Amino acid sequence: RPVMTRTSVSPAATASSTTYWMAGLSTTGSISFGVAFVAGRNRVPSPAAGMTAFVIVDLEGLASLMVSHAISMSDLVVIPVQGSQFDASQAARQIGLIKRTEKRGGRAIPYTVLITRTNPAIMPHTLKHILQSFDERAIPVLKTRLCDREAYRAMFSYGGTLQGLAGKGVANTTVAINNAAEYAAEIVQRLRDKREQAKEVA
């Protein structure tokens with residue numbers, strides 16, 4: 001079952017590139033329904049099957065049959081949220097869709113919020129309010145936040161991976177690589193914890 005990363009504002013092809021730099025893969029070529037990161041080889045979109053133990057299905061943030069189907073197959077749904085009330089409201093809608101899909105499928109579908117494009121130096125008041133609201137509603141949020149860094153934008157100018165930006169004069173590339181690695185590691189750990197919990201129940 002794939003893990004699905006969804007965005008509310010970015011086109012699917014562009015959004016998919018984010019998962020590629022996270023895994024250290026190339027942004028070159030067709031990646032709108034690509035191979036990248038998360039769990040299981042069963043029922044994985046072709047050509048991903050057999051190529052990796054981890055797959056991300058990255059779709060536009062639209063309530064559609066395709067999105068519902070991808071959610072129903074997911075081990076974890078990651079909902080990116082920027083520090084705005086609009087994004088928080090969109091996240092609430094996406095969580096509602098997950099809950100409806102759970103009822104139809106008869107199984108719990110884990111999900112978490114990813115805070116993106118944050119300022120690494122300051123915490124804006126609006127973001128504090130959003131995080132407090134999520135906490136009051138027991139909405140899970142990843143500890144890792146993807147910061148707004150030039151290196152991520154530069155990938156779409158130069159192509160390739162974050163590692164491939166070395167020597168191109170892009171600031172703080174190493175920091176961006178570490179940030180992406182922390183995000184990937186936290187996702188993997190959540191999947192491992194879920195698997196261990198399932199074994200204990202069984």
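Colleague: Is Asn-172 buried, partly exposed or exposed?
Modeller: Asn-172 is partly exposed, at a relative accessible area of 48%. Buried means under 20% relative accessible area, exposed over 50%, partly exposed in between (1.4 Å probe, protein chains only). This is a predicted model, where local features need pLDDT of at least 70, side-chain atom pairs count only at pLDDT 80 or more, and totals for chains, interfaces and linings use all residues. Residues are numbered from 1 along each chain as its sequence is written, and side-chain values use heavy atoms, without hydrogens and water.
Colleague: What about the phi of Asn-172?
Modeller: Positive, about 55 degrees, although Asn-172 is not a glycine. Most residues other than glycine have a negative phi.
Colleague: And where is Asn-172?
Modeller: In the loop between H5 and helix H6 (173–201). Helices (H or I, at least four residues) and strands (E, at least two) are DSSP runs, numbered from the N terminus.
Colleague: Switching topic. How many salt bridges are there?
Modeller: Five. The criterion is a side-chain nitrogen of Lys or Arg within 4 Å of a carboxyl oxygen of Asp or Glu.
Colleague: Which residue pairs with Asp-148?
Modeller: Arg-153, with the closest N and O atoms 2.4 Å apart. Arg-153 also bridges to Glu-150 (3.3 Å, N to O). Shared partners join Asp-148, Glu-150 and Arg-153 into one network.
Colleague: How far apart are Glu-150 and Arg-153 along H5?
Modeller: Three residues, about one turn of the helix.
Colleague: Which residues of H5 are buried?
Modeller: In H5 (residues 150–158), Ala-151, Tyr-152, Ala-154 and Met-155 are buried.
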